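Reader: I am new to this one. Please show me the structure, and then let us talk it through.

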Amino acid sequence: MRILITGGAGFIGSHLCDHFLAAGHEVICMDNLITGSVQNIAHIRDSRFSFIKHDVTNYIYVDGAIDYVLHFASPASPIDYLRLPIQTLKVGALGTHKALGLAKEKQARFLLASTSEVYGDPQIHPQPETYWGNVNPTGVRGVYDEAKRFAEALTMAYHRYHGLDTRIVRIFNTFGPRMRRDDGRAVPVFINQALRGEALTVFGDGRQTRSFGYITDLVRGIDALMQSDCNTPVNVGNPQEMTVQEMAEAIIELAQSSSQIVYRPLPQDDPRVRQPDIALAHERLRWEPEVDVRDALEKTISWFRQTV
Ligand code: NAD
């Protein structure tokens, strides 16, 4: 197959490039490097791989047949989307439109990388796909959450109106090698602080919960979703819920660090809880996470140790 991955030079996108190349496919990585880096794909030496530097909010032209379009382009960490609010809205809206247009032209199967943030600060716990969410559209985080909600609606419209073969994955917090040290998400920030012996900065009292998954489990889930016939959104995440405080403590322990924990004010609209209901992924994809959070942390800490 010939597969186009938008956002392919980012954290998740670059692991997808590796995965689909290893599975024997041809991969075109398209990225404008706004939050990603060529470092993430620099190790790939394969004639079936190509990189196109392009902003997908503009018309996308690719020569020849394409079987899959995986649309991952978007700033993804709060630090990025708060600094890039218009680009975030544009890539969720215009970028998704252009990527869907390409998939339609090539009659390719399309996958949208959506997010658990479509659930906002949830009033139902854990969150099943049937929950419509509790998002503040005009709050600072609305630029990301609403862009993804619009992208989902547009994807379903292309599916229903144009008969496009689409998939939507709602990704819950995922971590692993190749995350940027300064990207502001809890796991890379804590690991970086722990390895440098700096205090870990926990927002609020640390009692808010998250469910952290590992990158290899996510990639397996995305592949399974592509191979399924499930057109409605599917949660992919690890239901092993923990508080942010527990995560900080686990990282200090596993990194054998002597860092302390300090507390900072909670950002606006920070979700209090987050946990995927993965019954649908289990039933339709036969998917469930395999990597334990502590093992995943050890692998990620060891990668950061080599790069810090
Ligand atoms: P990332 O920032 O590492 O990757 C995003 C990539 O998209 C970057 O390489 C960036 O340069 C590229 N990009 C952004 N705007 C673009 C544009 N207009 N044109 C071309 N390329 C553009 O982030 P990530 O964690 O790898 O996230 C990838 C996708 O997965 C995003 O769509 C994100 O919303 C989604 N997601 C990630 C998580 C997670 O926990 N990592 C959770 C939920 C959803």
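Reader: How many salt bridges does the structure hold?

Author: This is a predicted model, where local features need pLDDT of at least 70, side-chain atom pairs count only at pLDDT 80 or more, and totals for chains, interfaces and linings use all residues. Residues are numbered from 1 along each chain as its sequence is written, and side-chain values use heavy atoms, with hydrogens and water left out. A salt bridge is a side-chain nitrogen of Lys or Arg within 4 Å of a carboxyl oxygen of Asp or Glu. The structure's number of salt bridges is 22.

Reader: Which residue forms a salt bridge with Arg48?

Author: Arg48 has a relative accessible area of 30%, so it is partly exposed. Buried means under 20% relative accessible area, exposed over 50%, and partly exposed in between (1.4 Å probe, protein chains only). The closest N and O atoms of the pair are 2.6 Å apart, and the partner is Asp46.

Reader: Is Asp80 buried or exposed?

Author: Asp80 forms a salt bridge with Arg83, with the closest N and O atoms 3.0 Å apart. Arg83 is partly exposed, at 48%. Asp80 has a relative accessibility of 2%, so it counts as buried.

Reader: Why are Asp80 and Arg83 separated by about one helical turn?

Author: Helices (H or I, at least four residues) and strands (E, at least two) are DSSP runs, numbered from the N terminus. Asp80 and Arg83 both sit in helix 2, residues 78-83. They are separated by about one turn because their spacing in that helix is 3 residues.

Reader: How many residues apart are Arg180 and Asp80?

Author: Arg180 forms a salt bridge with Asp80, the closest N and O atoms being 3.0 Å apart. The pair links distant parts of the chain. Arg180 is in the loop between strand 7 (174-175) and helix 5, while Asp80 is in helix 2; their separation is 100 residues.

Reader: How many residues of helix 7 are buried?

Author: Helix 7 is mostly covered. Its buried residues include Val244, Met247 and Leu254. They pack against several elements, among them helix 5 (186-196) and helix 9 (293-307).

Reader: What joins the side chains of His71 and Thr96?

Author: His71 is found in strand 4 (residues 68-71). At 2% relative accessibility, His71 counts as buried. A polar contact is a pair of N or O atoms within 3.5 Å; within protein, one must be able to donate a hydrogen and the other to accept it, and residues adjacent in sequence count only if both atoms are side-chain atoms. The two side chains are joined by a polar contact of 3.1 Å.

Notes:
Contact means heavy atoms within 4.5 Å.
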